[in-house]
Amino acid sequence: MGCRSRDDRSSLLRVVAVWNEQEQQLVAHPDPRRRLPGRGAWLHPTPECLELAVRRRAFARALRVKAPLDTSRVRAHVLEEQQAVVGGSQEPSEHATESG
């Protein structure tokens with residue numbers, strides 16, 4: 001949706017529009033398990049692709065909604081996933097052995 005490049009679904013994040021009763025607005029909601037009902041849009045789970053989608057206003061078009069969407073949940077999910085990937089690569093491996 002953001003960068004417009006194709007990829008396997010396993011490497012993309014599905015996003016759906018969900019009505020938030022408390023805030024009385026539509027919210028773009030991440031669907032990593034791909035189980036929520038409704039029309040889904042696919043996004044690379046990277047901050048760069050997310051920013052492109054927000055800048056291009058692609059969420060409303062892809063989800064076919066006329067109202068503006070709150071994308072804060074998707075942003076939080078993408079940033080959380082990004083930190084988990086970066087944090088996981090910086091931690092020492094459990095299988096590493098000391099030499100000497």
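Colleague: Which residues does Arg14 touch, not counting residues up to four places away in sequence?

Modeller: The model is predicted, so to speak of local features requires pLDDT of at least 70, side-chain atom pairs count only at pLDDT 80 or more, and totals for chains, interfaces and linings use all residues. Residues are numbered from 1 along each chain as its sequence is written, and side-chain values use heavy atoms, leaving out hydrogens and water. With contact taken as heavy atoms within 4.5 Å, the residues that Arg14 touches are His29, Pro30, Asp31, Arg34, Leu36, Gly38, Arg39, Gly40, Ala41 and Trp42.

Colleague: Is Arg14 buried or exposed?

Modeller: Arg14 lies in strand E1; helices (H or I, at least four residues) and strands (E, at least two) are DSSP runs numbered from the N terminus. Buried means under 20% relative accessible area, exposed over 50%, and partly exposed in between, with a 1.4 Å probe and protein chains only. At a relative accessible area of 11%, Arg14 is buried.

Colleague: With which side chain does the side chain of Arg14 make a polar contact?

Modeller: A polar contact is a pair of N or O atoms within 3.5 Å; within protein, one must be able to donate a hydrogen and the other to accept it, and residues adjacent in sequence count only if both atoms are side-chain atoms. A polar atom of the Arg14 side chain lies 2.6 Å from the backbone oxygen of Gly38. The side-chain partner, at 2.6 Å, is Asp31.

Colleague: Which residue is the bridge partner of Arg14 in E3?

Modeller: Two strands pair if DSSP finds at least two bridges between them. E1 and E3 pair in the antiparallel sense over 4 bridges. In E3, the partner of Arg14 is Trp42.

Colleague: Which strands stand at the edges of the sheet?

Modeller: The open sheet has 3 strands in the order E2-E1-E3, paired antiparallel. Two of these strands have a single partner strand each, so one side of each is left without a neighbour in the sheet; they are E2 and E3.

Colleague: Which residue in the hairpin turn has a positive phi?

Modeller: E1 and E2 pair in the antiparallel sense over 6 bridges, and Trp19 has Leu26 as its bridge partner in E2. The two strands form a hairpin with 4 residues between them, and the turn residue with a positive phi, of about 55°, is Gln24.

Colleague: Which residues touch the most other members of the largest nonpolar core?

Modeller: A nonpolar core is a set of buried Ala, Val, Leu, Ile, Met, Phe, Trp, Tyr and Cys residues joined through side-chain atoms within 4.5 Å. Of its 16 residues, those touching the most other members are Met1, Val15, Leu43, Leu50, Phe59 and Val74.
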